[in-house]
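Q: Please guide me through the reading of this structure, beginning with a single residue and its surroundings and widening the view from there.

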Amino acid sequence: MKYHKKINMLIKANKSGGDIPMRKRIVAGNWKMNKTNCEAVEIIKELKDLVNGIDNVGVVIGAPFTVLSDLNKVVNGTNIKLAAQNMYPAANGAYTGEISPEMLKAVGVEYVILGHSERREYFGETNEFVNKKVKFALDNGLKPILCVGEKLEDRESNNTEAVVEDHVVNGLKNITKEEMKNVVIAYEPVWAIGTGKTASPEQAEEVHKFIRNLLVKLYDEETSQGVTIQYGGSMKSSNSKELIGKENIDGGLVGGASLDAKEFAAIIKSAV
Ligand code: PEP
């Protein structure tokens, strides 16, 4: 009975009906431009103990470039993976202020957050440039977390799906089915980022389902079912369980709440 219950849950979570591996939930923190080395190491040391032993939810920290090397020494051998918050699509050269995938991998980075709305808004990143980065990250062994999402005016003018489709389709241009195994998508409604306004679980699930169906059209059912789609936008431990409980919400990309180890660990635990 217990066994059947477990199998049914797996099938339900998978929704594939076929021989498709279940996608993994991933909760990633995005620290943005916060924390010096000492502060960062302190948080990670605390987090490491709080999430020790959790193996069915991926735990990722997107930290500033300057702290990655020190964090790598602390997370080495634990279940915490590192992400960068940006990357330049070239191996090396005259790109003042930029950073390459090789440099990131050398300090233990596995993921890279790309196309975040703050980079689109303040640094003029276009879908075309984001796509170049996604492709280059994959070609060089980094796993992109591709951020997509509408602004408030898009939602109010009923353009949410058009904007999300534009971000997904153009962000994933020339990305193969095989490469999609290493891509994470984060749906982040811009109006919910850092504002304290969270999309309701129903609002978020509607868009996640839309993205999942779009991936079926772009690739196929199997590929679509394998992609982790995170929700991001004022996620906290008080709302994460309900959000992540939705069928197509496979974790979170967490900004503000990831700066506190206890709060971030509570979000991770709500995804277990
Ligand atoms: C983010 O920066 O990706 C984010 C979701 O921020 P917050 O959780 O603070 O809204």
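A: Let us start with Val254, which touches Val27, Ala28, Gly29, Asn30, Met235, Phe264 and Ile267 when residues up to four places away in sequence are not counted. Contact means heavy atoms within 4.5 Å. Val254 is found in strand β8, residues 251-254. The model is a predicted one, in which local features need pLDDT of at least 70 and side-chain atom pairs count only at pLDDT 80 or more, whereas totals for chains, interfaces and linings use all residues. Residues are numbered from 1 along each chain as its sequence is written, and side-chain values use heavy atoms, with hydrogens and water left out.

Q: Is Val254 buried or exposed?

A: Buried means under 20% relative accessible area, exposed over 50%, and partly exposed in between, with a 1.4 Å probe and protein chains only. Val254 has a relative accessible area of 0%, so it is buried. The C-alpha atoms of Val254 and Glu156 are separated by 24 Å, and these residues are 98 apart along the chain.

Q: How are the strands and helices defined, and how many of each does the protein chain have?

A: Helices (H or I, at least four residues) and strands (E, at least two) are DSSP runs, numbered from the N terminus. The protein chain has twelve helices and eight strands.

Q: Where does Gly232 lie, and which residues is it in contact with?

A: Gly232 belongs to strand β7, residues 228-232. With neighbours within four places in sequence left aside, Gly232 is in contact with Tyr187, Glu188, Pro189 and Leu253. Its relative accessibility is 0%, so Gly232 counts as buried. Between Gly232 and Tyr95 there are 30 Å in space, C-alpha to C-alpha, and the two are 137 residues apart in sequence.

Q: What does the contact pattern of the whole protein chain show?

A: Among contacts with a separation of 6 or more, residues 24 or more positions apart account for 72% in the protein chain.

Q: What is a nonpolar core, and which residues have the most contacts inside the largest one?

A: A nonpolar core is a set of buried Ala, Val, Leu, Ile, Met, Phe, Trp, Tyr and Cys residues joined through side-chain atoms within 4.5 Å. The largest has 67 residues, and those with the most contacts inside it are Leu47, Leu71, Leu172, Ile211 and Leu215. Helix α9 (residues 201-218) contributes the largest share of this core, six residues. Apart from this core lies another, of eleven residues, including Ile26, Val60, Ile145 and Val184.

Q: Which residues is Leu71 in contact with?

A: Leaving aside neighbours within four places in sequence, Leu71 is in contact with Trp31, Ala40, Val41, Ile44, Ile61, Ala63 and Leu82.

Q: How does the radius of gyration of the protein chain agree with that of a compact globule?

A: The radius is taken over C-alpha atoms, and the globule rule is 2.2 Å times the number of residues to the power 0.38. With 272 residues, a compact globule would have a radius near 19 Å; the protein chain has 18 Å, which agrees. Of the 272 residues, 49% count as buried.
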